[in-house]
Amino acid sequence: MLIPIHAQITRKALEKYFDPKVLNTVIRSNQKQDTLQGQIGHSDFHFDNNKITESQVYLQKQRNAVFTWIEKVDLRSAWMAFGRLLHSAQDLYAHSNYVSLWLGQFDDFGWPSVDEIDPMDDLILSGSKLKSGKLYYPFEILSFVPLIKNFIIPLLPRDSHAWMNLDSPASGKKFAYAFSAAVKRTVVEFDVFREGLTVEKLNLFING
Ligand SMILES: [Zn+2]
């Protein structure tokens with residue numbers, strides 16, 4: 001997803017639960033994953049390069065880190081880990097063929113409304129058909145440059161990030177499904193802590 005879209009998704013899902021300042025800290029940590037430092041050598045942060053299992057492991061590490069930091073009453077570290085967790089969880093829908101596989105159950109003229117997408121379809125998540133876009137560096141970098149991208153993308157393979165991503169509305173009509181799935185998945189990830197924390201600790205987590 002593009003950096004501002006991560007913020008939109010997170011706000012849409014969580015602003016009714018979190019203190020605004022806390023949510024801003026979570027969002028800044030989420031967006032930091034897309035800096036150059038968070039991109040190079042970190043496919044697992046973004047569900048890139050078919051690193052599906054590695055990305056799932058990374059998600060679980062961040063969930064564990066949130067619980068650990070709350071236990072130590074280091075809330076800032078807990079919010080940062082939660083931001084990193086949400087970034088990866090949201091990128092799953094933008095960088096993989098999840099949306100295409102889910103829509104594949106319906107015929108082309110019978111797509112359900114975007115609100116109906118199930119972000120936790122177990123058959124898709126644990127199936128062998130789930131793939132994510134590969135970054136064909138250095139060529140791929142040019143696919144992000146506005147004036148030349150239209151010349152570069154046709155030269156890249158179909159399994160590249162450039163062809164597969166649903167990072168913004170420019171990706172076409174499947175983007176709205178990726179956005180909706182990412183909003184729902186953000187709530188699913190928050191539910192892990194709503195269910196796993198005591199009332200007092202949950203209150204610290206959401207309000208500081
Ligand atoms: Zn990303």
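Helix 2 and helix 6 pack with their axes 7 Å apart, at an angle of about 50°. That angle makes helix 2 oblique to helix 6; angles under 35 degrees count as roughly parallel, over 145 as roughly antiparallel, 65 to 115 as roughly perpendicular, and the rest as oblique. The axes here are lines fitted to C-alpha atoms, for helices over the stretch in contact, and the angles run from 0 to 180 degrees between N-to-C directions.

A word on the source. This is a predicted model, in which local features need pLDDT of at least 70 and side-chain atom pairs count only at pLDDT 80 or more, while totals for chains, interfaces and linings use all residues. Residues are numbered from 1 along each chain as its sequence is written. Helices are DSSP runs of H or I, at least four residues, numbered from the N terminus.

Back to the pair. Helix 2 passes helix 6 in a right-handed crossing, the near helix being turned clockwise from the far one by less than a right angle. On the helix 2 side the contacting residues include Val22, Val26 and Asn30, and on the helix 6 side they include Trp79, Phe82 and His87. Contact means C-beta atoms, placed from the backbone, within 7 Å.

Now helix 6 itself, residues 75-95. How far apart are its end C-alpha atoms? They are 30 Å apart, which agrees with the 30 Å that its 21 residues should span at 1.5 Å a residue; the expected span is 1.5 Å times one less than the number of residues. Of those 21 residues, 18 are buried, so helix 6 is largely enclosed by the rest of the structure. Buried means 20 or more other C-beta atoms within 10 Å of the residue's own, exposed means 12 or fewer, and partly exposed is in between.

Next, the core. The largest nonpolar core has 41 residues, and those with the most contacts inside it are Phe82, Tyr93, Val99, Ala178 and Ala182. Such a core is a set of buried Ala, Val, Leu, Ile, Met, Phe, Trp, Tyr and Cys residues joined through C-beta atoms within 7 Å. At least two residues each come from helix 1, helix 2 (20-32), helix 5, helix 6, helix 7 (98-103) and helix 12 (175-196). Which helix gives the largest share? Helix 6 does, with 11 residues. Not counting residues up to four places away in sequence, Phe82 touches Val26 and Val66.

Gln8 lies in helix 1, residues 3-14, and is partly exposed, with 15 other C-beta atoms within 10 Å. Gln8 and Val183 are 175 residues apart in sequence, yet 8.9 Å apart in space, C-alpha to C-alpha.

Last, some backbone details. Most residues other than glycine have a negative phi, and most peptide bonds are trans. Phe47, in the loop between helix 4 (43-46) and helix 5 (52-71), has a positive phi near 50°. Is Phe47 buried or exposed? Phe47 is buried, with 28 other C-beta atoms within 10 Å. Val73, in the loop between helix 5 and helix 6, has a positive phi of about 50°, but counts as exposed, with 10 C-beta neighbours inside 10 Å. The peptide bond from Tyr137 to Pro138 is cis, with omega near 0°.

Terms used. Two residues are in contact if their C-beta atoms, placed from the backbone, lie within 7 Å.
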